[in-house]
Amino acid sequence: MPFPIKICVVCEEEFELRPDKPGFANRCPKCSTPEVDEQASSKARMDADELKSVREANAARRQAIKDLLYSRK
Ligand SMILES: [Zn+2]
């Protein structure tokens, strides 16, 4: 399915407006990239930290369950 063709407001190049295109709908991917990258990397860092704490919590819970199971023979 073809995507709608838009004109970038920054460089005036035509680009496909894909539904998953990051950044502004009226800018081509090239002109949206710097801001998007910044947001994406800071978000990725946050997610990694969150993921780490979630993983640690899960590991702690698994360990607690394991202790419980093994101590209760
Ligand atoms: Zn552009």
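This is a predicted model: local features need pLDDT of at least 70, side-chain atom pairs count only at pLDDT 80 or more; totals for chains, interfaces and linings use all residues.
Colleague: Where is confidence lowest in the protein chain?
Modeller: The chain has a mean pLDDT of 83, with 81% of residues at 70 or more. Strand β1, residues 5-7, has the highest confidence, at 94. The lowest mean is 79, and it belongs to helix α1, residues 29-71.

Colleague: Is E12 buried or exposed?
Modeller: E12 sits in the loop between β1 and β2. Its phi is positive, about 60 degrees, although E12 is not a glycine. E12 has 9, so it is exposed.

Colleague: How does L17 count, with its C-beta neighbours inside 10 Å?
Modeller: L17 lies in the loop between β2 and α1. Buried needs 20 or more neighbours, and exposed needs 12 or fewer. L17 has 14, so it counts as partly exposed.

Colleague: Which residues is L17 in contact with, leaving aside neighbours within four places in sequence?
Modeller: P29 is 12 residues from L17 along the chain, and their C-alpha atoms are 8.9 Å apart. The contacts of L17 beyond four places are F3, P4, K6 and A25.

Colleague: What share of contacts with a separation of 6 or more comes from residues 24 or more positions apart?
Modeller: The protein chain has 73 residues, of which 4% count as buried. For contacts between residues 24 or more positions apart, the share is 0%.

Definitions and conventions: Residues are numbered from 1 along each chain as its sequence is written. pLDDT is the predictor's confidence in each residue, from 0 to 100. Helices (H or I, at least four residues) and strands (E, at least two) are DSSP runs, numbered from the N terminus. Two residues are in contact if their C-beta atoms, placed from the backbone, lie within 7 Å.
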